[in-house]
Amino acid sequence: MNPAKSFDYRKLFDLSGRVALVVGGGSGIGQAGAEGMAAHGAHVVVADIVPEDAKGVAERISGAGGKAISVQIDVRDTAAVTPWSPQWCAIRAGSTYCSPHRR
Ligand SMILES: NC(=O)c1ccc[n+]([C@@H]2O[C@H](COP(=O)([O-])OP(=O)(O)OC[C@H]3O[C@@H](n4cnc5c(N)ncnc54)[C@H](O)[C@@H]3O)[C@@H](O)[C@H]2O)c1
């Protein structure tokens, strides 16, 4: 065995400290992806055009001990996905990214 080539496989799927934005996370494949990444430690932003569905998934993740917030967004709306829009700042909530000093 070559000690220099050892690898910590436990960290391979560790998403602790990472933010995962899942558009369409309110149902189906997006929901599964959101829940899967939360299970691996990511702080998940569940974004969906249907706010109740996004909220439900975020609550499900939080109820299972994970970290998640929900945000209503329509990815077809250019203004909504433009940096500094209210939705964008909601996605970046908790960081200093949306502070006036960074604009
Ligand atoms: N389910 C499958 O087996 C499968 C297989 C291959 C490809 N796909 C494709 O993958 C995609 C997702 O499939 P699914 O089964 O999870 O569908 P789904 O309808 O369950 O999920 C799509 C999600 O996207 C949200 N959404 C729709 N328009 C949006 C918009 N403008 N902005 C933000 N959110 C929006 C919906 O509210 C919904 O929560 C689809 O394009 C589907 O055709 C699915």
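The protein has three helices and three strands, where helices (H or I, at least four residues) and strands (E, at least two) are DSSP runs, numbered from the N terminus. Along the sequence these follow the pattern β-α-β-α-β-α. This is a predicted model: local features need pLDDT of at least 70, side-chain atom pairs count only at pLDDT 80 or more, and totals for chains, interfaces and linings use all residues. Residues are numbered from 1 along each chain as its sequence is written.

**Whole protein**
- Of the 103 residues, 23% count as buried; buried means 20 or more other C-beta atoms within 10 Å of a residue's own, exposed means 12 or fewer, and partly exposed lies in between, with C-beta atoms placed from the backbone.
- Among contacts (C-beta atoms, placed from the backbone, within 7 Å) between residues at least 6 apart in sequence, 44% join residues at least 24 apart.

**Ligand shell**
- The ligand is surrounded by 15 residues, of which Gly24, Gly26, Ser27, Gly28 and Ile29 are the closest; a residue is near a molecule if its C-beta atom, placed from the backbone, lies within 6 Å of it.
- Helix H1 (residues 28-39) supplies the largest share of this shell, three residues.
- By type, the shell holds six nonpolar, five polar and four charged residues; Ala, Val, Leu, Ile, Met, Phe, Trp, Tyr, Cys and Pro count as nonpolar, Asp, Glu, Lys and Arg as charged, and the others, Gly among them, as polar.

**Gly33**
- Gly33 is part of helix H1.
- Gly33 counts as partly exposed because it has 16 C-beta neighbours inside 10 Å.
- Apart from neighbours within four places in sequence, Gly33 is in contact with Val22 and Gly25.
- Val22 is 11 residues from Gly33 along the chain, and their C-alpha atoms are separated by 7.5 Å.

Terms used. Contact = placed C-beta atoms within 7 Å.
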